[in-house]
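Please open the structure in a viewer and keep the selection tool at hand.

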Amino acid sequence: MTSTDLRRRFAELHARDGVFLMPNPWDVGSAKLLAHAGFEALATTSAGLAWSLGKDDQDVTLDEVVEHTRRLTTAIGVPLNVDSERCYADDPDGIERTVRLLHEAGAAGCSIEDYDPTTGTIDEIELATERVTAAADAAHRGDDPMVLTARCENLLYSIDDLDDTIERLVAYRNAGADCLYAPGLATVEQIRTVVDAVDAPVNVLAWPNGPTVAEIAEAGARRVSVGGALASHAYASAMAGARELLDSGTTTFRSVSLRPDDRTALG
């Protein structure tokens with residue numbers, strides 16, 4: 001499938017009924033494995049990418065994200081959504097450039113969030129909405145549009161105000177966002193409240209001890225992602241094995257390894 005085909009397919013996934021799973025690879029190998037497993041779409045993770053480069057989250061550059069996107073879209077045959085943080089820009093022209101570069105790299109969708117790591121605060125709603133408008137205009141330009149996801153980061157940064165979160169998501173929808181995302185929704189009731197209020201496709205971050213995928217689907221969400229959780233799990237498993245080798249000299253971690261049929265996806 002061409003990049004245009006994949007962008008069209010990604011839009012179709014958002015338009016159909018039901019939920020689809022969109023896990024988050026952190027490098028080419030993990031992307032190939034997840035595509036091989038049968039997922040209909042994948043999404044990058046800013047944290048997972050940063051860790052794969054030996055950096056912390058929010059320290060990755062736009063050039064690194066674009067190259068990462070290009071490498072993944074070249075390697076897989078399913079739509080890829082890009083975690084593009086604040087679109088690596090403070091002005092509309094910069095946001096437009098980021099979206100254009102991701103489109104050229106083969107992305108089927110990208111996101112923009114309202115948290116500013118330089119100030120450690122959530123943008124005022126007027127500014128955040130203006131930024132979503134710029135991203136949406138760029139994503140929808142021409143006859144080969146991308147899916148734009150607008151994120152409200154309130155819950156991730158201890159702003160436990162669901163009313164404000166919903167107000168922001170509705171504003172972002174009205175500004176042109178195709179999908180809405182408030183990472184941190186932790187109950188079926190919260191998910192259902194957001195879905196009913198925004199009247200648009202909603203992404204839910206699968207949360208530890210939170211609702212199952214079936215429960216998230218029943219609440220009306222359209223897609224489910226895991227953020228950096230798979231990357232964190234993989235790195236944690238590697239470190240557990242390394243510490244076993246260092247501390248006890250044993251290698252019981254070898255009892256769990258990549259299946260031969262999965263290794264074929266990496267060839």
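Begin by selecting Thr 44, Thr 45, Ser 46, Leu 49, Val 60, Val 65, His 68, Val 82, Asp 83, Glu 85 and Tyr 88, the residues that line the largest cavity. Helix H3 (46-52) and helix H4 (62-75) are the elements giving two or more residues to this lining; helices are DSSP runs (H or I) of at least four residues and strands are runs (E) of at least two, numbered from the N terminus. A cavity is a set of points on a 1 Å grid over the protein atoms alone where a 1.4 Å probe fits but cannot get out, and lining residues have an atom within 4 Å of a point. The space in the largest cavity is about 40 Å³, a volume being the space filled by probe spheres set on the points.

The model is predicted: local features need pLDDT of at least 70 and side-chain atom pairs pLDDT 80 or more, while totals for chains, interfaces and linings use all residues. Residues are numbered from 1 along each chain as its sequence is written, and side-chain values use heavy atoms, without hydrogens and water.

Next, select Arg 16 and Glu 40, which form a salt bridge with their closest N and O atoms 2.6 Å apart. Arg 16 lies in the loop between helix H1 (3-15) and strand E1 (20-21), and Glu 40 in the loop between helix H2 (28-37) and strand E2 (42-43), so the pair ties together parts 24 residues apart in sequence. The count of salt bridges is 22, each being a side-chain nitrogen of Lys or Arg within 4 Å of a carboxyl oxygen of Asp or Glu.

Conventions
1 Å grid on protein atoms, 1.4 Å probe; cavity = no way out; pocket = protein on both sides within 12 Å on 5 of 7 lines; lining within 4 Å.
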